[in-house]
Amino acid sequence: MRLYFIAALTDFVQVLFLFAATRYIAEHQQDAMPLGILGACNFVAYAVSCGISGHLSDRFGRRRLVVLGSLVFVIAFTVALRSLDPPLVYVAVVLSGTAAGMVFPPVMALITAGQVSGDHGRAASAPIVAFCIWWNVGVFFGQSSGGLLFQVGPEACLYTALTAGVIIAPLILSVRRRPPAAIPVDKTRRSEPKNTAGPRSFAVTAWLANLSGAFTASLIIFIFPKLATSLEIPSSTHGFMLAAMRAVVIGMYILLHFSQFWRHRMWPSFAAQSVAVFGLLLLAMGKTAPLLTAGLMCAGVMTGYIYFTGIFYSTTSFHHERKGLASGIHEGTYAIGFTGGALGGAYLVSVAGIRAPFEMSIAVLLSLMVVQLLTRMIVIGRMNQTRVEPLRGTPGSR
């Protein structure tokens with residue numbers, strides 16, 4: 001339970017800080033590029049940190065990385081309290097992204113330590129759905145409370161985040177060390193389709209899908225505040241609009257955990273991404289809070305689907321000794337998508353208007369869907385070729 005609470009606290013402090021920083025810059029800066037740079041700084045740092053900490057946590061201890069991440073959070077928010085204006089805020093978001101990257105891969109590896117490699121039943125997804133719900137609860141309260149606290153002042157957001165960040169270190173130290181107990185294989189699960197290219201191939205396509213989901217989510221975090229302020233939407237309403245999207249994401253996690261239809265199939269992923277395309281159309285054209293909220297909720301369908309399936313295939317397809325690395329790759333590809341969305345969206349705002357990033361995101365999603373399909377076809381072709389070639393010339397094969 002404490003590991004899940006750490007996941008919730010980590011996203012709570014991250015989102016609370018990012019809400020305060022993005023809303024502050026949107027209100028005080030005419031140019032959107034500072035928002036894009038802010039997002040790029042945060043998620044480049046997160047991507048690098050995830051890749052490194054995931055590997056280090058497998059070798060040198062996962063609790064140590066989490067404690068260090070908690071300390072870096074404290075430093076980040078202390079820097080932000082001095083100023084939310086560029087360039088000092090960029091230093092703060094780099095530190096914050098680095099801290100989150102130190103916490104998440106080790107925590108994900110600890111939570112899924114009991115999974116049986118290759119087991120894709122409901123028992124294997126139980127810790128994943130709990131993890132996803134908990135960290136999204138942190139996002140939900142970070143966004144909703146962020147809008148209310150920001151009305152008091154951005155400092156209220158930062159002091160709250162600082163207090164929550166301090167709690168992470170004693171929580172992880174209170175978690176007892178124990179060898180992972182294997183989760184019993186779910187004998188009622190459906191067997192994998194015979195034409196699959198193996199679980200790890202789904203992890204690869206899921207990492208590609210992360211680029212789509214994160215690209216869109218990045219626009220919502222770093223560019224949507226500019227749209228909200230241009231339409232004179234209050235910060236409290238802005239926060240609850242984002243929280244509504246997060247409620248959809250949590251609902252998707254629960255649906256995926258208690259269903260089987262999506263496992264080892266590509267079409268559900270394409271369906272979720274298609275719903276997001278419709279949501280982006282609403283964001284590109286909507287002018288009222290209800291219409292924009294509907295667009296955000298449609299984007300939440302894809303965000304929830306892609307993240308849950310990505311972490312499911314990443315953690316169930318690798319042995320315990322490599323879960324930290326697999327989790328780091330999953331989070332790293334997600335961070336790359338966030339970086340591209342933040343920078344590309346900010347540039348488009350400056351040259352083509354506030355709606356252009358959401359229009360561009362539609363093209364990006366459709367293009368990456370094609371890439372995912374082609375990648376899947378290539379992987380299946382190579383796997384089938386590998387299965388056939390050893391039979392050629394084998395004695396007794398006639």
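The briefing below moves from the overall fold to the core, the cavities and a few individual residues.

This is a predicted model, in which local features need pLDDT of at least 70 and side-chain atom pairs count only at pLDDT 80 or more, while totals for chains, interfaces and linings use all residues. Residues are numbered from 1 along each chain as its sequence is written, and side-chain values use heavy atoms, with hydrogens and water left out.

**Overall fold**

- The protein has 13 helices and zero strands, where helices (H or I, at least four residues) and strands (E, at least two) are DSSP runs numbered from the N terminus.
- Of the 398 residues in the protein, 58% are buried; buried means under 20% relative accessible area, exposed means over 50%, and partly exposed lies in between, with a 1.4 Å probe and protein chains only.
- Among contacts with a separation of 6 or more, 87% are between residues 24 or more positions apart, a contact being heavy atoms within 4.5 Å.
- The protein exposes about 16,100 Å², and carbon and sulfur atoms supply 68% of that area, as computed by the Shrake-Rupley method with a 1.4 Å probe, where for residues only the protein chains shown count as cover.

**Nonpolar core**

- The largest nonpolar core holds 115 residues, of which Phe17, Phe131, Cys132, Trp135, Phe224 and Phe358 touch the most other members; such a core is a set of buried Ala, Val, Leu, Ile, Met, Phe, Trp, Tyr and Cys residues joined through side-chain atoms within 4.5 Å.
- Helix 1 (residues 2–28) gives the most to this core, contributing 17 residues.
- Setting aside residues up to four places away in sequence, Phe17 touches Phe77, Ala80, Leu84, Ala92, Val93, Ser96 and Leu158.

**Cavities**

- There are two cavities of 30 Å³ or more, a cavity being a set of points, on a 1 Å grid over the protein atoms alone, where a 1.4 Å probe fits but cannot get out.
- The largest cavity has a volume of about 460 Å³, where grid points are joined across faces, edges and corners and the volume is the space filled by probe spheres set on the points.
- The lining of the largest cavity comprises 26 residues, and Asp11, Val15, Phe43, Ile221 and Phe338 lie nearest its centre; lining residues have an atom within 4 Å of a point.
- Two or more residues of this lining come from each of helix 1, helix 2 (33–60), helix 4, helix 5 (122–152), helix 7 (199–222), helix 9, helix 11 (289–316) and helix 12.
- Helix 1 supplies the largest share of the lining, with six residues.

**Residues in helices**

- Tyrosine 46 is found in helix 2 and is buried because its relative accessible area is 6%.
- Leaving out residues up to four places away in sequence, tyrosine 46 touches Gly97, Thr98, Ala100, Gly101, Phe104, Glu331 and Ala335; from tyrosine 46 to glutamate 331 the C-alpha distance is 8.2 Å, although they are 285 residues apart in sequence.
- Serine 236 lies in helix 9, is buried with a relative accessible area of 16%, and touches Gly147, Leu148 and Gln151 when residues up to four places away in sequence are not counted.

- Arginine 355 lies in the loop between helix 12 (323–352) and helix 13 (356–388), and it counts as buried because its relative accessible area is 17%.
- Apart from neighbours within four places in sequence, arginine 355 is in contact with Leu227, Leu231, Leu283, Ala284, Met285, Gly286, Lys287 and Leu292; the C-alpha atoms of arginine 355 and methionine 285, 70 residues apart along the chain, are separated by 7.5 Å.
- Proline 87 is found in the loop between helix 3 (62–82) and helix 4 (88–111), and a cis peptide bond with omega of about 5 degrees joins proline 86 and proline 87.
- Glutamate 232, in the loop between helix 8 (224–230) and helix 9 (235–257), has a phi near 60 degrees, a positive value in a residue other than glycine, and is exposed with a relative accessible area of 71%.
- Methionine 1 is found in the segment before helix 1 and counts as exposed because its relative accessibility is 67%.

**Cysteines**

- The count of disulfides is zero, a disulfide being a pair of cysteine sulfur atoms within 2.5 Å.
- Cysteine 41 counts as partly exposed at 22% relative accessibility, whereas cysteine 157 counts as buried at 0%.

Methods. 1 Å grid on protein atoms, 1.4 Å probe; cavity = no way out; pocket = protein on both sides within 12 Å on 5 of 7 lines; lining within 4 Å.
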